[in-house]
Amino acid sequence: MKFPLSWLKYHLETDATLDELAKAMTMAGLEIEDIDNPAEKFADFSVAYVQEAVQHPDADRLRVCTVETRDGIKQIVCGAPNARTGMRAVFAPLGTYIPGLDFALDKKPRKIRGVESHGMMCSAKELELGEDHDGIIDLEGDWEVGTPAVTALGQDDPVIDFEVTPNRPDWLGVRGIARDLAATGIGTLKDVPVGEIEGTFDSPVTIELDWPEACPVFMGRMIRGVKNVESPEWLKKALTAIGLRPINALADITNLISYDRCRPLHVYDAAKLEGGVIRARKGRGEADTFEALDNKDYAPGESMCVIADDARCLGLGGVMGGTYSGCSEETTDVFIESAWFDPLITRATAKATGIDSDAKYRFERGVDPESCRDGIEYATRLILEICGGEASHVVVAGEAPAKPADIEFPVTEVKRLTGLDLPRDEIVRILATLGFEPKGEGDVLTVGVPSWRMDCSLKADLVEEVARIHGFDHLNATSLKRLPGRFEAPATPMQLRARYARRALAGRGYSEAVTWSFAEKSQAALFGGHGEGLELDNPISSELDVMRPTALIHLLTAMQANADRGQADAALFEVGPIYLSDAPDGQRLVVTGVLPIHADRHWAGSRQPDVFDIKADVEAVLNAAGAPVASLQTVAEAREWWHPGRSGVMRLGPKNVIAEFGEIHLRVLKALDIDGRVLAFEIVLDNIPQPKKGNGLKARTPLEKAELTPVRRDFAFLVDKSVAADALIRAAKGADKAMITGVSVFDTYEGQGVPEGQVSIGLEVTLQPREKTLTDEEIDVIAKKIVDKAVKATGGSLRG
Amino acid sequence: MLDTSNLDTLERDVLDQIEAAGDEAGLDEIRVSALGKKGSVSLMMRELGKMSPEERQVMGPALNGLKTRLNDAITARKDVLESAAMDAALASETVDITLPVRPERQGSLHPITQVMEELAVIFADMGFAVAEGPDVEDDFHNFTALNFPEGHPARDTQDTFFMKPDAEGMRKVLRTHTSPVQIRTLLKQKPPIRIIAPGRVYRCDWDQTHTPMFHQVEGLVIDKEANMGHLKGVLLDFIAAFFETDQVEARFRPHHFPFTEPSAEMDVKYERVGAGVKVGSGNQWMEILGCGMVHPNVIRNCGLDPDEYQGFAWGMGVDRLAMLKYGAPDLRDFFNSDARWLAHYGFSPLLQANLATGLS
């Protein structure tokens with residue numbers, strides 16, 4: 001909302017400076033967005049007197065002027081045809097930025113055809129204060145040299161633009177702004193009566209309200225014999241200042257009142273009305289098709305409120321009128337509408353039609369329902385003043401919706417909610433200056449709410465008014481101390497998992513990224529597709545139109561982007577959400593990482609990561625996140641976007657998959673335009689089981705240190721290539737759980753000496769004797785058990 | 001006939017040989033020729049038996065002394081030779097230690113993560129826990145329960161992302177703020193409540209300072225006496241702690257949010273220092289967060305009596321805090337995963353924000 005300072009001062013008596021007013025607005029909640037202050041913008045320009053203008057010795061079109069300026073007498077070479085002795089002009093000293101030319105004058109005098117020029121005299125266009133470029137500004141009036149140019153030009157009215165919060169439609173009228181400012185004590189609200197015009201005849205047009213929910217009150221009045229002239233200067237200037245284009249007096253008057261009082265009106269050309277009745281009713285679809293003032297056709301449906309006569313729909317009530325019944329220069333008789341339209345219905349209509357208008361903007365936020373009378377009287381007075389004519393009596397249909405209810409207000413609420421300790425009288429004073437009616441003697445007031453403050457219905461609303469006007473500056477900042485008693489670290493197990501997982505990966509050389517929660521539908525399809533209910537209705541772009549089922553998409557494409565920038569080995573990870581369904585529990589926190597299979601070049605030999613490197617990373621993260629890694633089963637059952645022979649999952653039991661890792665399938669990489677091969681993993685932190693609750697003590701169980709030296713024995717088994725090494729290891733481990741403390745694979749071999757289709761796997765088994773050293777016989781017994789178990793589990797044999 | 005002068009000659013002779021020995025094999029030959037079974041000294045020792053007691057009295061100790069001294073000399077020479085041999089062997093293993101090591105990737109943590117951890121530490125010190133909620137929300141939690149009336153213009157200010165309507169025509173939304181976590185917390189937890197809720201939020205907007213996804217942190221205090229003075233105190237303490245400055249100049253400005261009443265925005269003074277921003281002092285105001293007393297309707301919507309319980313809430317941009325504190329100029333870069341940016345603006349995993357060792 002924009003308004004010029006002069007307009008505000010029409011309602012507010014104040015000596016405050018612009019800065020003081022701006023501060024008062026800000027601190028009362030009217031957040032300044034911009035102040036266009038010509039006095040500041042044109043501070044360098046001032047009135048000068050041309051003592052003498054003589055012909056330039058070497059140029060026909062130039063004059064050499066001796067000019068009296070605020071900086072003394074200056075010689076200025078001027079090319080304007082109207083430069084003459086004795087004129088008053090606008091002077092710009094050397095170095096001044098000229099907005100209309102978008103350049104700054106040289107700081108040193110320039111010679112023009114041999115004559116030095118010490119500044120410039122400007123045209124209106126050069127100041128962007130008009131189109132006139134035929135000559136320099138020739139000021140009317142006897143302005144003193146040095147007077148600011150904007151003052152002499154009548155352009156010294158600053159325009160303030162501020163944000164109107166949706167709860168305060170009354171700020172969409174300048175008077176409403178003045179009222180709040182007056183309450184802050186920076187001035188007083190002037191009594192500006194709208195005037196009351198007695199009608200001289202009965203309106204030939206009457207009003208019927210067929211849909212009171214949408215339009216409960218409608219006042220109208222006929223004015224006969226008007227002349228829709230061009231508006232007077234003051235009116236045109238006021239509208240121009242707020243960015244409105246003056247049209248004609250009737251249109252301009254309604255616009256003025258809309259911005260002055262937040263009171264939208266409509267004026268019909270009465271000659272176009274048929275049947276003598278104007279009514280507010282539900283739309284009838286195609287039958288009501290009309291052309292609105294935006295020159296588009298609309299067919300209002302039954303959810304919309306139209307204004308109609310017997311013959312046709314004239315417009316959308318509170319939103320936009322129609323061209324047919326609009327006023328033109330030929331209009332002589334008019335019918336003024338001053339009605340109130342329901343905010344929700346107005347808003348729904350505007351949304352459905354896409355129409356934006358000043359009236360709609362106000363009605364959807366809530367116009368003062370009791371402003372119909374003032375609005376119509378104000379409009380009548382201005383029309384009679386500017387356009388002449390004769391007014392009818394006012395026709396009133398319906399009743400204004402009820403005022404907001406009184407609020408029972410214990411004044412102690414102010415202290416309870418804000419800590420501000422204000423005397424009762426001050427609370428009463430603030431409420432009263434804002435237009436509230438505080439009644440009652442004790443500490444519980446009964447507060448009447450003004451009709452324009454429909455946002456106020458609760459005690460807290462009044463507390464806000466009091467605190468806001470008293471000033472939030474006075475709030476007594478009080479530190480919040482921890483609650484008494486022991487403070488338990490508040491981090492949840494999931495938060496800790498995420499934290500440790502991050503640090504484990506960053507410590508292993510991965511850089512943490514944060515990528516979009518959205519993904520492209522076709523790319524999500526490469527990873528099993530997006531979850532049900534997770535397609536956006538209004539995506540920001542077609543590339544981000546579903547919620548991601550995996551974080552791999554963005555990490556893979558980001559990896560490629562990094563490679564394209566010359567960083568082919570960057571490893572990335574993200575700890576963030578993936579979305580399985582639109583239910584509150586349909587989101588998972590996953591740790592996702594990508595590692596390009598990129599061979600480094602090094603004098604000691606090249607290395608490149610393989611699937612066992614990524615498996616090591618996964619195990620490191622799982623350990624860090626507190627997963628029971630030893631109990632996890634690794635199986636080659638990763639989903640279809642993974643390399644069928646170089647990927648797997650780690651799961652707990654048959655169903656709970658905690659991690660998936662390996663190479664990404666080449667088909668997926670191709671679809672995503674990724675060069676080379678990539679290792680990746682995805683760990684679902686939610687799937688890690690909660691650790692069992694202990695006894696609450698942090699003491700560890702005593703350490704058992706075996707005194708005897710462990711014994712190591714090697715075995716080589718021939719097994720079918722389809723046998724998982726893990727099965728062999730588990731079988732060996734299970735042979736004697738008490739004695740066997742470790743099984744590691746020291747060799748795998750296939751080729752010469754190993755039958756086709758088989759592989760030789762070498763295991764080193766560690767036996768830990770507890771009470772006495774093992775005899776050879778005892779070791780042999782365990783060895784036999786190991787072989788038996790392994791053979792039974794894998795169908796293999798001990799390699800001879 | 002033996003006498004000690006012969007021994008002196010022998011000793012000098014053998015010691016010279018030991019000193020001249022070039023390797024361990026040569027040294028051993030000398031040992032054998034002097035002290036071996038048939039060595040010169042051993043042969044003389046055999047002569048002792050044939051001597052008179054008087055002679056033996058002289059020659060016995062002399063020979064034993066000689067034997068000891070020769071053995072010592074051999075051992076010493078052996079140490080020298082061994083050490084020299086080791087040095088020679090090691091010398092042959094010399095490498096050029098100026099050759100570069102195999103490069104290791106340097107991992108890092110994202111600044112958003114860092115800032116969230118800093119928030120958790122600062123607010124934990126004031127007794128706040130960290131709460132969470134889902135990104136895909138329903139209308140109730142994101143709007144209705146937060147006192148956004150159906151069809152109210154305030155809903156328009158949120159640039160909401162909607163999911164396609166389901167079979168019943170219901171549309172889920174992407175949460176436009178972290179405030180739904182207030183509702184979820186109030187519905188399942190009894191006051192007193194002190195939480196912060198950092199997380200992803202979504203608005204349909206994209207330019208240098210807006211991305212369709214960004215991060216907010218919500219704060220909520222509900223008890224029987226938390227008032228706006230406490231709100232101001234908490235936020236001033238937070239700004240001072242976060243920006244690590246003693247002098248914070250801030251102002252509270254009335255504003256409007258549907259879910260707070262009274263509502264305010266907080267501005268802090270700042271000044272530009274080079275490419276960065278110094279927060280707390282200077283002469284320009286910067287809006288940093290929105291806050292207010294929790295609206296009675298919100299308290300009521302969560303089953304509590306607003307005449308008994310009261311409190312305050314605030315919300316601010318995590319990414320923006322990161323930009324301000326760590327001087328990253330463009331919000332869009334936060335989500336581009338450019339390895340150069342991550343390395344430059346990221347944080348070491350060894351760094352853990354805490355009160356004892358600092359935030360960063």
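This is a predicted model: local features need pLDDT of at least 70, side-chain atom pairs count only at pLDDT 80 or more; totals for chains, interfaces and linings use all residues.
Helices (H or I, at least four residues) and strands (E, at least two) are DSSP runs, numbered from the N terminus.

Residues are numbered from 1 along each chain as its sequence is written, while chains are lettered from A and ligands numbered from 1 in the order in which they are written.

I shall begin with confidence. The model has an ipTM of 0.89 and a pTM of 0.87.

Next, the domains, whose bounds come from an automatic or database domain assignment. Chain A is assigned domain 1 (2-37 + 158-189), domain 2 (40-152), domain 3 (206-398), domain 4 (407-470), domain 5 (493-687) and domain 6 (711-798). Between the centres of domain 2 and domain 6 of chain A, taken over C-alpha atoms, there are 102 Å. Chain B is assigned domain 1 (4-92) and domain 2 (111-345), and the centres of these two, again over C-alpha atoms, are separated by 91 Å.

How do the two chains meet? Two residues are in contact if their C-beta atoms, placed from the backbone, lie within 7 Å. On that basis, 68 residues of chain B are in contact with 79 residues of chain A. Helix α8(B) gives the most, with 8 residues. By class, this side of chain B has 35 nonpolar residues (Ala, Val, Leu, Ile, Met, Phe, Trp, Tyr, Cys and Pro), 15 charged residues (Asp, Glu, Lys and Arg) and 18 polar residues (the others, Gly among them).

Strand β7 of chain B also brings me to backbone geometry. Most residues other than glycine have a negative phi, and most peptide bonds are trans. Pro262(B), which lies in strand β7 of chain B, is joined to Glu261(B) by a cis peptide bond with omega of about -5 degrees. A cis bond also runs from Pro191(B) to Pro192(B), with omega near 0 degrees; Pro192(B) is in the loop between α7 (180-188) and β4 (193-202) of chain B.

Two residues other than glycine have a positive phi. Arg113(A), with phi of about 50 degrees, is in the loop between β10 (110-112) and β11 (115-117) of chain A. Ser337(B), with phi near 55 degrees, is in the loop between α10 (318-326) and α11 of chain B.

Are these two residues buried or exposed? A residue is buried if 20 or more other C-beta atoms lie within 10 Å of its own, exposed if 12 or fewer, and partly exposed in between, with C-beta atoms placed from the backbone. Arg113(A) is exposed, with 12 such atoms, whereas Ser337(B) is buried, with 25.

Now to the sheets of chain A, where two strands pair if DSSP finds at least two bridges between them. One open sheet of 5 strands has the order β6-β5-β4-β7-β12 with antiparallel pairing. Its edges are β6 (72-78) and β12 (120-121), each with a single partner strand, so one side of each has no neighbour in the sheet. Strand β7 (residues 88-92) of chain A pairs with β12(A) over 2 bridges, and Ala92(A) has Met120(A) as its bridge partner.

Another open sheet of chain A has 4 antiparallel strands in the order β40-β41-β39-β42, with β40 and β42 (797-798) at the edges. Strand β41 (residues 758-767) is joined to β39 (residues 711-720) by 10 bridges and to β40 (residues 740-749) by 8 bridges. Leu718(A) stands opposite Ser760(A), while Thr748(A) is partnered by Ile761(A) and Gly742(A) by Thr766(A).

Finally, helix α19 (residues 725-734) of chain A has Leu728(A), Ala731(A) and Ala732(A) as its buried residues. Seen down the helix axis, these fall within an arc of 95 degrees (taken from the directions from the axis to the C-beta atoms), so they line one face of the helix. They pack against β39, β40, β41 and α20 (776-794) of chain A.
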